[in-house]
Amino acid sequence: METLRIPLSLSLPLAPFLVTARIALGATMLVVLVGLPLARLLSRAGRRGARWVPTIETLLLLPLVLPPTTLGYFLLVLLGRRSPVGELAFRLGMPLVFSVPGAVIAAAIAALPLFLQPALVAFDAVDPAVEQAARLLGAPERFVFFRIALPLAARGVVAGTVLAFARAVGDFGTTLMVAGAIPGRTETVAIAIYEAVQAGEDRSALLLALSVSLFSLSALAAARLSLRGGRSRIFRSNRTNAQAPS
Amino acid sequence: MKFDLSVVLSRGRFTLDVSLAAEARTLAVVGASGAGKSTFLSLLSGALVPDAGSVRLEGETLVDRSLGICLTPQQRGVGLVSQSNDLFPHLSVAQNFDVAERFARAGAPVVPRDALVNALGLRALLPERADRLSGGEARRVQLARSLLNRPRLLLLDEPFAGLDEPLRHEVLGAILELRERTSIPFVLVTHRPAEAIALAEHVIALSGGRVLAAGDPLEVLARPEVLGARHLAGIETLFAARLLPDRTLAWGERGLATDPVSGTQERAWFALGADDVVLTTAGESVTSARHAWPGRVVRVLALGDDRLVEVAVDGVPAPLRSRVSPQAVHELGLQIGTPVTALFKAASLRSLGPRGGVS
């Protein structure tokens, strides 16, 4: 395995970092792809007073409160070879359990609520009169979404994306249940730390823990810097700051 | 424009049940809060769909529940100037205009942006972000944005709401100027009768979701069961004065006693309060009023305890309005055809619009 030589005769395996980056980025992309239209749909339906919205929102929040192993177990059943989904994926040559796609899906489902919450608040905070003004000018719904609603909800959406990425980086239980700990493929840093502790490699565990903390902090800082007028406001997304201009 | 609609819409305990067949360039909808004015506008704009009935503009069906026709807001070509600031806050004024022009109604007469921007005094605001405008500026930008979209009909929902008197005059001037420059019909929703009288040819008065009365604004609004005299304060005569070669102003053939003005605008808008116009039958005499215009009474209307007298002044295209007491009407013997002189001070002329004619 490729290792990074550092002082004090310690070596830090790079593979778990690469695996983590690949899985977290994939999961974040999946979360945004699914979560963005979902947040918009729920926000619009909520405005119209649709009664099913609170139930769906509660279900979507479930991954936040379920024990990761329970969530992982459900996913294992859902994506395993004995399920229609898992069987279909297997036949297509892309098994979903103990594989990178499985790890991405597991991390994405665990991270989805953290994206949805700030994104929903941000979409709720977009003045419906502004959107209606665009429609009255003749703008199609695609324009209303991409050019009006999304830029106005950008702060909440970016906050959600950053939180989802951070959650995907740190996911342990769900990923372990669904994707196992295959070195170089599904063994993320979080799992590598666990295994290092189990093996009594305290120094490796410490280094991995410090490194992943630094990595996560850097990601959050980069996200903050990328936001105009950034500061820590993105992490306190609410109706007011989601709507407020920078 | 021909308005032909018959709609029923229920929302909880409130029901709007309106039938209207009218033809007017400017239609005003008046009524107290909760009368159904904004709901009426929403049915025209497509924000709400009636439970039953139909809406036709100039013979074209926007909604007909019995036929299953319901055009989306995008398909209607109806503009709205909302009482709240509904500009795109993250875009500049110019970008707001770009959106309006991008989706402008094909085939409709083009409204030149430059001329509109100049007429409404918006040139300096073009690079500003829309969320940084004052109330009066935002309302003027909303008006311009709606018109650049070339709507077939423009809805004005309480366009003076939340504006103080100088800003109200600024926006009023903008509306008058736009009405002069385009042929687009307007529907004005207001709870202030004076605005309906000043701007509309036809008015419908709503109460509890139903039409209380419809017709000529002054006659409808003077009826005690519609609004009553206490609501009729603030009636004005609105007019456009021409800029003469010597930079002085004239209304029709009558010169206005104002200072010469600067600028290149060919006309300036003014409001003259009905309470500021004094009538005399003694002919022109020496008074401190700078304007003493002879004319004839063309209408005397009872406004509760007061009377509104309209005077056709020689050489002026529209009647002057004066609010007087019933005793004055009796003592002066005012009736249709009575020769009178209308007197008002130069200071009573209130300049409208962003540039003002005199200031």
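Predicted model: local features only at pLDDT ≥ 70, side-chain atom pairs only at ≥ 80, totals over all residues.
Local features are given where pLDDT is at least 70 and side-chain atom pairs count only at pLDDT 80 or more, while totals for chains, interfaces and linings use all residues. Residues are numbered from 1 along each chain as its sequence is written, chains are lettered from A and ligands numbered from 1 in the order in which they are written.

**View 1. Chain A is built from 12 helices and 2 strands.** Helices (H or I, at least four residues) and strands (E, at least two) are DSSP runs, numbered from the N terminus. From the N terminus on, the order of elements is β-β-α-α-α-α-α-α-α-α-α-α-α-α. Of the 246 residues in chain A, 41% are buried; here a residue is buried if 20 or more other C-beta atoms lie within 10 Å of its own, exposed if 12 or fewer, and partly exposed in between, with C-beta atoms placed from the backbone. Looking at contacts in chain A with a separation of 6 or more, 71% come from residues 24 or more positions apart. Two residues are in contact if their C-beta atoms, placed from the backbone, lie within 7 Å.

**View 2. Chain A meets chain B through 15 residues of chain A and 18 residues of chain B.** On the side of chain A that touches chain B, the elements giving two or more residues are helix H6 (128-136) and helix H7 (141-152) of chain A. H6(A) gives the most, with 7 residues. This side of chain A divides into 12 nonpolar, 2 polar and 1 charged residues. In this count Ala, Val, Leu, Ile, Met, Phe, Trp, Tyr, Cys and Pro are nonpolar, Asp, Glu, Lys and Arg are charged, and the others, Gly among them, are polar.

**View 3. Strand S8 (residues 153-157) of chain B is mostly covered, with 5 of its 5 residues buried.** B:Leu153, B:Leu155 and B:Asp157 point one way from S8(B), while B:Leu154 and B:Leu156 point the other way. Strand S7 (residues 78-81) of chain B runs parallel to S8(B) and is joined to it by 4 bridges; two strands pair if DSSP finds at least two bridges between them. Across from B:Leu154 in S8(B) stands B:Gly79. Strand S9 (residues 186-190) of chain B also pairs with S8(B) in the parallel sense, over 4 bridges, and B:Val187 in S9(B) is the bridge partner of B:Leu155. With helix H6 (residues 165-181) of chain B, S8(B) and S9(B) make a right-handed β-α-β unit.

View 4. Leaving aside neighbours within four places in sequence, B:Val187 is in contact with residues including B:Leu27, B:Val29, B:Leu41 and B:Leu155.

**View 5. Five strands of chain B form an open antiparallel sheet in the order S16-S20-S17-S18-S19.** Strand S16 (278-280) and strand S19 (320-324) of chain B each have a single partner strand, so one side of each is left without a neighbour in the sheet. Strand S17 (residues 291-303) of chain B pairs with strand S20 (residues 339-344) of chain B over 6 bridges and with S18(B) over 8 bridges. B:Arg296 has bridge partners in both of these strands: B:Pro339 in S20(B) and B:Ala312 in S18(B).

**View 6. Two hairpins flank strand S18 (residues 306-313) of chain B, where 7 of 8 residues are buried.** The hairpin of S17(B) and S18(B) has 2 residues between the strands, and B:Gly304 takes a positive phi near 60°. In the hairpin of S18(B) and S19(B), with 6 residues between the strands, B:Gly315 takes a positive phi near 80°. S18(B) and S19(B) pair over 5 bridges, and B:Leu308 stands opposite B:Arg323 in S19(B).

How values were computed: Right-handed = clockwise from strand over helix to strand, strands pointing away.
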